[in-house]
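My entries follow in the order I made them.

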Amino acid sequence: MPEPVRVEALVEAAATDPPRAVVRQARGRHRAKGPGGSGFLARAAFVTAGLTAAGAVFGLVRDQILADSFGAGADSDAFLVAWTVPEFASTLLIEDAMALILVPAFSRALLRRDGAPALVRATLPRLVVTVAAAALLLVVLAPPLVAVLAPGLPDPQLAVDCTRLTATCVLSFALTGYCSAALRAHGRFLPPATIYVAYNIGIVSTVLVLREPLGVRSAAVGVAVGGTLMVLVQAPFLVRALKEPRTPAPADGPPADPAGPLVVLALVAPVVAFAVTRQSQVLVERFLAAPLPSGAISHLNYAQKIAQMPMILSLMLCTVTFPVVARAVAAGEREAARRRVERDLLLAVLVVLAGASVVIGAAPQIVAVLFERGAFDRADTGATAAVMRVYALGLLGQTLVGVLVRCYFSAARPLWFPAATMLAGLAATALAGAFGVRLWGVLGIAGANALGITLTAVLLLTGSGRQSVPLGTGRVAAGVARLAATAAAATTAAWLCAAAVTAAAPPGLAHAAGIAAACAVTALVLLPSAARAVRAPGAPSPFLPPLFRPVARRLAHVRCHGPRPRPHPAPPAAADAAPVGGDVPLDRGRPR
């Protein structure tokens with residue numbers, strides 16, 4: 001039996017054909033050390049996070065324009081029912097299913113002699129035909145779909161028109177997700193990171209130009225324009241990556257994946273089932289909120305858009321490192337992949353809990369600054385802020401699900417366990433929502449969402465020790481519990497300080513001052529826990545971004561000269577390189 005290919009060998013092989021750096025320097029092209037190198041991952045993570053933040057800003061501008069133009073009434077409710085299509089398609093075709101299927105597939109293809117071009121020739125034509133047929137079917141079935149999604153909607157025909165316009169995103173999102181997965185597997189992270197900037201620019205531009213003649217239908221046209229731009233900003237880079245010559249793979253590389261229809265279905269079905277079940281939570285929310293007074297769906301939508309921003313940012317690191325984990329699993333380096341995932345998980349939890357603390361503590365102030373203008377009045381601000389605080393209770397579960405599911409789907413044959421746990425969470429959401437909406441209205445729907453996704457996260461963490469990347473369940477759970485307890489204290493302090501500062505500040509600056517106070521208090525409370533969070537359970541050295549390395553070395557110097565010096569850590573495996581900035585021994589080059 002041939003010895004498995006080690007990740008160190010992959011990095012050395014990639015040195016002869018290094019991927020393009022995620023950023024172009026002012027003078028010429030800068031070459032990264034390789035897709036698994038720590039310097040490359042640092043640049044990829046920071047650039048991806050920066051462009052994702054830019055996309056989120058454009059998304060907020062989009063939502064502000066929609067709120068200012070159409071408010072939170074019947075027209076916006078009709079569009080948001082149609083918005084279910086791009087929300088569902090984005091999760092299925094860009095973020096979850098497509099990435100979880102194709103990133104491991106392209107990572108394995110790059111270890112073979114035939115490489116990625118053969119995989120593209122075998123899969124892309126089928127994908128285009130399938131999703132084009134699905135988009136056409138969605139256009140035809142728009143009326144019964146709207147009736148099922150939102151029974152009792154005041155203007156169902158408007159929702160039908162918007163749904164038919166947004167149905168085009170099924171094809172454009174599928175191509176976007178395909179390009180993103182292929183480029184990330186090749187070590188190109190810049191083009192995929194720009195897709196949501198392009199998408200939101202397309203929507204905003206279309207609404208500003210067409211909102212007078214078309215009304216809210218202009219937003220649906222903008223979805224079609226934005227989806228097309230997402231494909232155009234990636235396609236040239238993918239074509240170039242596929243044409244570049246690559247170093248031949250070793251003869252004992254992984255065998256080609258069987259391409260029979262039944263085998264392909266068996267590989268794809270678990271991931272698709274998970275993604276569909278996860279996004280079905282939105283369908284449950286819209287269904288339960290449709291009979292409520294006008295504006296309920298809009299309040300849910302705006303609250304969810306703001307509350308999910310910390311979760312999106314927390315998962316950026318995992319987006320960058322997922323190809324590295326997939327390559328490590330393909331090469332047999334499961335222990336290195338485990339350490340990588342554990343470290344990334346705690347960092348993602350730290351980011352999302354910090355964001356959730358600010359969101360809960362300063363919810364009214366955030367909504368007022370972002371949306372309270374035009375047709376969006378103070379009553380809408382209060383209702384949206386209340387929903388947002390309840391939604392934020394499920395952010396930790398959302399992040400844990402996003403990180404843990406990559407462990408289950410990084411192997412060649414995905415497991416059905418994530419889909420089963422997601423189905424259990426969806427059932428809990430539906431049952432709790434049906435009961436809670438009668439007692440608390442829209443707040444009951446938001447609470448049911450938080451309950452369902454938290455249940456899924458607990459089930460995934462419980463079973464994480466028995467899959468392709470076996471995690472230390474007890475160690476991870478203990479680290480998450482410590483951070484959650486600290487975040488609870490930070491949330492309470494942020495809430496009290498935001499309210500006090502808002503009441504004392506001048507009217508024109510009150511909301512902004514309250515948000516700033518919540519951010520400052522959250523940082524002060526969580527900062528002591530950050531040093532422990534960046535150390536994966538059992539990891540010999542902490543993970544810190546390059547900006548913090550001088551501080552880390554200074555602290556290490558003090559620690560090493562104290563009464564209880566620590567032993568020199570062993571160098572990590574290549575796939576276990578630090579998620580951002582490298583795994584640098586803190587006492588390197590210093591006398592002991």
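**Entry 1: α18 against α24.** On the α18 side I found R338, E342, L345, L346, V349, L350, L353, S357, I360 and G361. On the α24 side they meet R475, V476, G479, V480, L483, A484, A487, A490, T491, A494, W495 and A498. By class I noted 15 nonpolar, four polar and three charged residues in this contact. The classes take Ala, Val, Leu, Ile, Met, Phe, Trp, Tyr, Cys and Pro as nonpolar, Asp, Glu, Lys and Arg as charged, and the others, Gly among them, as polar.

I then took the geometry. Two packed helices are described by the angle between their axes and the distance between the axes. Helix α24 covers residues 473-504, and its axis lies 8 Å from that of α18, at an angle of about 15°. The axes are lines fitted to C-alpha atoms, for helices over the stretch in contact, and the angles run from 0 to 180 degrees between N-to-C directions. The pair is therefore roughly parallel. The terms I use run as follows: under 35 degrees is roughly parallel, over 145 roughly antiparallel, 65 to 115 roughly perpendicular, and the rest oblique.

**Entry 2: Ground rules.** I number residues from 1 along each chain as its sequence is written, and I leave hydrogens and water out, with side-chain values using heavy atoms. For this predicted model, local features need pLDDT of at least 70 and side-chain atom pairs count only at pLDDT 80 or more, while totals for chains, interfaces and linings use all residues.

**Entry 3: α18 against α21.** I kept α18 (residues 334-361) and turned to α21 (residues 395-409). Their axes are 9 Å apart and the angle is about 160°, so I wrote the two down as roughly antiparallel. This crossing is right-handed. From α18, the residues V341, L345, A348, V349, V352, L353 and A356 take part. Their partners in α21 are L395, L396, T399, L400, V403, L404 and C407. The class count came to 13 nonpolar, one polar and no charged.

**Entry 4: L400.** Is L400 buried or exposed? L400, which belongs to α21, has a relative accessible area of 8% and therefore counts as buried. My cut-offs are under 20% for buried and over 50% for exposed, with partly exposed in between (1.4 Å probe, protein chains only). Setting aside neighbours within four places in sequence, I found L400 in contact with L345, V349, A457 and V480.

**Entry 5: α20 against α23.** Helix α20 spans residues 378-391 and helix α23 residues 442-462. I read an angle of about 20° and an axis distance of 8 Å, which makes the two roughly parallel. The crossing is right-handed. A386, V387, V390 and Y391 of α20 meet V442, L443, A446, G447, N449 and A450 of α23. I counted eight nonpolar, two polar and no charged residues there.

**Entry 6: Q304.** Q304 sits in α15 (residues 296-307) and is buried at 8% relative accessibility. Beyond neighbours within four places in sequence, Q304 contacts E87, E285, Y391 and N449.

Entry 7: I found T277 in α14 (residues 261-289), buried at 12% relative accessibility. Outside four places in sequence, T277 is in contact with M422, L423 and L426.

G226 lies in α12 (residues 217-232) and is buried, with a relative accessible area of 0%. With neighbours within four places in sequence left aside, G226 touches A198, Y199 and G202. G226 and A198 are 28 residues apart in sequence, and their C-alpha atoms are 6.3 Å apart.

**Entry 8: Whole protein.** How many helices and strands are there? I have 26 helices and zero strands, taken as DSSP runs numbered from the N terminus (helices H or I, at least four residues; strands E, at least two). Of the 592 residues, 56% count as buried. Among contacts between residues at least 6 apart in sequence, 83% join residues at least 24 apart.

How values were computed
A crossing is left-handed if the near helix is turned anticlockwise from the far one by less than a right angle, and right-handed if clockwise. Contact means heavy atoms within 4.5 Å.
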